[in-house]
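Hi everyone, thanks for coming.

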Amino acid sequence: MKSRFCPPLFAALLLTAAAGCSQFRGTISSELRSLGFRATLRGEQCVLTAENGSTLTITPGSNRALFNGTVIYLPEPAFRDEDGVYSLTPLTLQRTVEPLLRRRTDNARPVKWILLDPGHGGSELGAVGKKYQEKAINLSLALAVKRELERRGYLVRMTRSDDRTLSLDRRGKLTGELGADLFLSIHHNASPSNPKATGIETYALTPGGAASTSGGNPGKALAANRFDAASINLAERIQTRLVQATGGPDRGTKYARFRVLTLAECPAVLIEAGFISTPSEELAIASAARQQRVARAIAEGVAAYDAWVRRNTFR
């Protein structure tokens with residue numbers, strides 16, 4: 001048998017060439033390979049490219065990822081083992097990656113009518129800025145979203161169309177009582193600790209067994225919601241278009257166990273459409289021009305989601 005010994009200089013050249021090459025094989029888990037991913041390394045990050053062209057960029061130890069360039073928070077962090085193999089947990093693969101990659105419909109139905117939920121109202125002011133109250137801006141934006149959705153042929157009802165108090169339980173339970181195809185809860189954010197906070201984020205219900213994006217109890221006793229796959233697809237489509245319409249910052253598609261989401265009996269998301277606690281953004285989110293852009297983006301996200309459901313339901 002011939003020796004495989006390499007002279008030191010030649011070996012060093014090989015190592016240098018390998019270090020400069022971003023394409024690599026065998027450094028992602030078999031589960032990721034089974035989904036058709038190929039991998040590219042960018043520093044610590046691993047860019048996974050699927051056969052359909054979708055990309056997922058993951059970072060070891062972080063649940064923040066990029067899906068097709070838009071921020072998305074995974075239920076559990078990505079990791080890399082001592083051999084340099086990048087992996088995602090089974091829960092993340094099943095509840096987030098596979099639904100987004102394969103665009104699974106999972107109990108979704110074509111969208112005919114939508115329940116819009118302007119957050120807060122009446123005695124519940126929501127967040128309060130220097131000039132505006134969240135409850136009022138939520139309602140104003142929801143009415144703009146209603147008009148945009150109706151222009152696209154959808155039937156829309158609202159949990160409130162004026163300044164009244166309505167419990168979280170009532171809002172969520174209306175989806176089942178009325179047979180809604182989608183539930184969209186409209187809110188605006190606040191950050192007392194950061195007066196310069198800005199950007200948009202969209203939430204889907206946290207999968208059973210995972211912690212919400214902001215932390216807390218993993219909720220291992222909670223069963224997975226039968227609309228998880230549909231909700232994360234709806235949230236991602238809306239968030240992507242909101243970021244494009246407003247210019248960011250992209251705070252991401254996230255997970256939370258908001259009461260209105262846990263009670264919804266259809267695919268459901270909660271949208272935080274900007275920060276009322278940041279003076280410059282407060283003025284922007286209250287303006288008719290900004291609300292029109294945001295409303296159009298939300299409606300476009302819903303239409304894209306609806307088109308996907310119809311393609312997959314009737315094929």
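**A strand on the inside**

Let's start with strand S13, residues 268–275: eight of its eight residues are buried, so this strand is largely enclosed by the rest of the structure. Buried here means under 20% relative accessible area, exposed means over 50%, and partly exposed is in between, using a 1.4 Å probe and protein chains only. Strands are DSSP runs of E with at least two residues, helices are runs of H or I with at least four, and both are numbered from the N terminus.

Before I go on, please keep in mind that this is a predicted model, where local features need pLDDT of at least 70, side-chain atom pairs count only at pLDDT 80 or more, and totals for chains, interfaces and linings use all residues. Residues are numbered from 1 along each chain as its sequence is written, and side-chain values use heavy atoms, with hydrogens and water left out.

So which strands pair with S13? Strand S10, residues 182–189, pairs with S13 in the parallel sense over six bridges; two strands pair if DSSP finds at least two bridges between them. Strand S11, residues 200–205, runs antiparallel to S13, and three bridges join them. Have a look at Glu272 in S13: His187 stands opposite Glu272, and Glu201 stands opposite Glu272 too.

Now for the salt bridges. How many does the structure hold? There are 14, each one being a side-chain nitrogen of Lys or Arg within 4 Å of a carboxyl oxygen of Asp or Glu.

Here's one of them: the side chains of Arg95 and Asp228 meet at 2.9 Å, N to O. Arg95 lies in helix H3 (residues 90–102) and Asp228 in helix H6 (residues 228–246), so this pair ties together parts that are 133 residues apart in sequence. Are these two buried or exposed? Arg95 is buried, with a relative accessible area of 16%, and Asp228 is buried at 5%.

Another salt bridge joins Asp169 and Arg259, with the closest N and O atoms 2.7 Å apart. This pair also links distant parts of the chain, with Asp169 in helix H5 (residues 168–178) and Arg259 in helix H7 (residues 259–263), 90 residues apart. Asp169 is partly exposed at 28% relative accessible area, and Arg259 is partly exposed at 40%.

Finally, please find Glu148, Arg151 and Arg152, which are linked in a network of salt bridges.
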